[in-house]
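Please open the structure in your viewer and keep the selection tool at hand. We will go from stop to stop, and at each one you will be told what to select and what is there.

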Amino acid sequence: MHEVRPEHTAHTAQAGTAQRIGESVVGDPLQCGEVHSGPAEQVRRGRELGHRVGGRQVEHTTTSRAQVLPHHLDHLPLRRRRAEVLYEQQRVERAEARRSARRLEADDLPVPADGLTDRAEAASAAAEREHTILLAQVEQLQRRVEPRFVVRRRHDGSVAVASCAVRAAAKKVERTRRRRHDRSGLRSDPRELDRTNHDLVVVGAGIQGAAIAREAAERGIAVVLIDSRDVAAGTSSRSSRLVHGGLRYLKHGHYGLVREALHERERLLRSCPHLVRPLPMVMPFFRDGGGSPLAMRLGTWLYGRLAGRSTLPRARRLSAHDAAAAFPGLRTEGLREAILFFDAATQDARLTVANALAAKKAGAHVLTHCAVVGGGGDGLYLVDNLTGSTVVLRAHHVVNATGPRADDLRRAMRVAGEPLVHTTRGSHLVLPPRSGETALAAFLPDGRIQFVIPHRDGTLCGTTDVDDELPGDETGPPAADVDYLLEALRFLMAPAPQREDVRFAYAGWRSLPTGAGPSGAKNREAFVVAEGIPLGTLHTIVGGKLTTHRSFAERVIAAIFPTDGPSPTRMRPLPGGEGPREVTDELWWRHGGRVSLVRDLCDEDTTWRERLCPHRPFLAAELVHALRHDGAVTFADSMLRRLVHSQGPCLEKSCLRNAHTLFLRERRWTVDFDFDAAIAALRQEVAVMRGEVDAVGVS
Ligand SMILES: Cc1cc2nc3c(=O)[nH]c(=O)nc-3n(C[C@H](O)[C@H](O)[C@H](O)COP(=O)(O)OP(=O)(O)OC[C@H]3O[C@@H](n4cnc5c(N)ncnc54)[C@H](O)[C@@H]3O)c2cc1C
């Protein structure tokens with residue numbers, strides 16, 4: 001886009017320089033005067049359209065803009081008047097074309113195969129299209145420079161002058177677009193964004209990308225959030241689901257990270273209590289185990305100091321007897337003592353969706369099921385995985401928040417340089433729910449920490465932390481991880497859980513900075529690496545934690561778009577975080593303050609008050625809610641990442657059939673209409689998540 005003066009534009013237009021349709025240049029408002037009387041417009045006024053029909057030249061002159069400016073508009077504000085002029089201009093042009101077509105037909109002139117009427121209609125449609133493109137461009141320009149008018153050259157070299165005062169019209173377009181994408185809950189239609197400019201594009205809708213998009217949108221930055229799959233389809237639905245400072249990181253001296261994480265923990269406990277709840281943890285010390293009670297007492301004391309004024313109680317020492325009472329099932333043989341300390345548990349996928357919803361609510365466009373496949377000077381290339389169509393987006397800043405895929409995207413964007421990311425794999429097993437709310441964080445003889453974390457719908461056991469190259473796509477835990485975790489449980493618990501107790505399993509890949517040293521000692525802080533690309537700058541995120549997503553996003557946006565003042569996200573609750581705490585209602589724990597939306601659905605259709613299936617607690621209304629308000633697109637999105645259950649979705653065919661029938665009625669996008677294919681896709685995704693847990697004899 002170049003800055004030119006109208007005189008210059010008029011000159012080049014007279015010279016008939018061809019330029020692509022939709023290409024626009026911004027004029028200097030001080031040199032311009034009234035839009036309809038500028039020199040460029042004089043060129044436009046003298047333009048004649050000619051059609052050759054049946055060997056005879058038929059001519060008609062386009063009505064000039066000055067002629068069509070109705071006097072009754074004079075009293076309107078200038079901007080509004082310009083918008084009206086533009087509309088009027090197009091209306092008159094179309095009417096003119098239709099009239100000449102009718103004249104030809106009345107004169108009985110031979111009309112060629114494509115027909116003049118067709119051509120008039122085509123011209124009319126083209127005008128309509130141009131107008132839409134123009135409004136989109138105007139809208140983009142207004143965000144940045146507030147120009148007064150846009151000069152645009154057409155195919156034939158003529159010049160169209162459009163005032164940016166079509167703001168009212170642009171707003172109308174935006175309102176319509178918003179209404180349309182509101183219907184989808186979260187996902188925008190990629191076609192509507194094709195060839196549009198934005199301040200920022202964030203690739204990857206895991207927790208980091210969603211939080212960065214939220215931060216940007218709440219600061220008024222025009223941002224698009226993109227994911228090749230669903231929100232939270234990657235590591236952000238495969239973590240240990242802890243919102244914690246990371247006691248073990250103290251050992252490696254990462255005090256800054258621990259302090260930041262503890263403060264964010266406090267913020268999350270207050271701002272989304274339905275998603276982040278306090279978690280008492282027992283840390284036992286066995287004679288044959290690892291960890292020093294003295295060092296850990298010091299560590300938990302420091303942990304409490306770093307947390308500052310926290311709502312969670314301070315750590316305290318427990319006798320072996322009290323430890324066994326606090327965590328029933330703990331092995332008592334060889335148990336010396338324990339420490340009770342507090343952290344918090346969350347639902348990672350829901351936390352990520354809440355961030356994406358907040359971003360959307362603040363004005364971000366969210367494109368799920370769109371993969372970024374590359375980029376050049378003209379934009380970022382996306383493929384819509386639902387339709388196969390390609391879309392180009394432009395933004396000077398692109399954030400690469402693809403987690404363990406960060407180097408793949410750098411390669412696709414043709415960034416030269418060494419890999420930035422090193423991946424490690426962490427596996428979890430899910431056992432049936434336990435009574436009590438206390439978790440276990442215990443040192444194994446090899447010095448690693450194992451967690452046993454009770455959730456309402458299952459008990460999470462993990463994790464391994466093994467260096468591993470991420471294969472083509474994320475896979476589930478290999479048999480070696482399953483064996484390791486079961487062995488760890490045998491060490492910690494009596495009676496020990498058996499293979500057949502395992503209900504579900506999954507593995508997640510961390511992206512850590514490349515470099516020497518054991519993965520456990522590596523800094524879990526997140527870093528940003530800025531690199532030049534033809535479009536502008538690619539900011540690659542390396543590392544990071546679920547817990548610190550908000551504070552990290554605040555730093556990223558402040559670095560890219562320097563602003564004063566604290567971030568709005570510091571105080572604002574996430575969607576669902578507002579309203580009274582209805583802790584006795586199961587539904588509130590799943591939806592928080594947004595539970596009212598689910599209740600409204602129960603009123604809309606009383607059959608939706610029923611459970612979707614007898615094996616999971618979800619109501620039919622919650623599936624409708626997932627599709628209408630939570631941005632689920634495919635059947636698998638709905639069943640895996642909206643109706644989130646620690647033991648995975650129920651895979652009984654009759655239950656899935658019920659859910660699919662409702663899905664078909666409520667889906668927003670034309671996907672998964674075939675029951676068998678939809679079920680196969682869901683089962684496949686679940687099978688991949690479970691990894692080799694089934695191969696070792698677990699049903
Ligand atoms: C086993 C494990 C346990 C953990 N436990 C905890 C914990 O208890 N507490 C904590 O605070 N942190 C924890 N973490 C860390 C935390 O989970 C991760 O740091 C975080 O989830 C990473 O999020 P992300 O957004 O960077 O990546 P991801 O969640 O992986 O998101 C990346 C997204 O990018 C998308 N993508 C990739 N390529 C493209 C492309 N070309 N175009 C479009 N989209 C693309 C993917 O589909 C994916 O959705 C854990 C990590 C692991 C591995």
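In which loop does T463 lie? Select T463 in this predicted model, and you will find this residue in the loop between β19 (458–462) and β20 (466–467). While you are there, look at the peptide bond that runs from G462 to T463, which is cis, with omega near 5 degrees.

P495 has its place in the loop between α16 (479–492) and β21.

The ligand is surrounded by 35 residues, of which D227, S236, L242, G544 and T547 are the closest. Select G544 and look at its backbone, where an N or O atom lies 2.7 Å from an oxygen atom of the ligand. Q208 likewise has a backbone N or O atom 3.1 Å from an oxygen atom of the ligand, and a polar backbone atom of T235 is 3.1 Å from a ligand oxygen atom. On its own the ligand has 1000 Å² of accessible area, and the protein covers 94% of this. If you colour by element, the ones giving two or more residues to the shell around the ligand are α9 (207–218), β13 (370–376), β16 (421–431) and β21 (504–513).

Is R241 buried or exposed? R241 counts as buried, because its relative accessibility is 6%, and the cut-off for buried is under 20%.

Another residue with a positive phi is D672, at about 50 degrees although D672 is not a glycine; select D672 in the loop between α22 (653–666) and α23 (675–690).

For the last stop, select M281, M283, F635 and L682, which touch the most other members among the 62 residues of the largest nonpolar core. This core draws at least three residues from each of domain 3 (242–346) and domain 4 (586–696). Centre the view on L682, and, leaving aside residues up to four places away in sequence, you will see that L682 touches F635, A636, M639, L640, P649, L651 and L656. Apart from this core lies another one, of 42 residues, including C272, V276, L330 and L485.

Terms used:
Residues are numbered from 1 along each chain as its sequence is written. This is a predicted model: local features need pLDDT of at least 70, side-chain atom pairs count only at pLDDT 80 or more; totals for chains, interfaces and linings use all residues. Side-chain values use heavy atoms; hydrogens and water are left out. A nonpolar core is a set of buried Ala, Val, Leu, Ile, Met, Phe, Trp, Tyr and Cys residues joined through side-chain atoms within 4.5 Å. Buried means under 20% relative accessible area, exposed over 50%, partly exposed in between (1.4 Å probe, protein chains only). Domain bounds come from an automatic or database domain assignment. Contact means heavy atoms within 4.5 Å. A residue is near a molecule or strand if one of its heavy atoms lies within 4 Å of it. A polar contact is a pair of N or O atoms within 3.5 Å; within protein, one must be able to donate a hydrogen and the other to accept it, and residues adjacent in sequence count only if both atoms are side-chain atoms. Accessible areas come from the Shrake-Rupley method with a 1.4 Å probe; for residues, only the protein chains shown count as cover. Helices (H or I, at least four residues) and strands (E, at least two) are DSSP runs, numbered from the N terminus.
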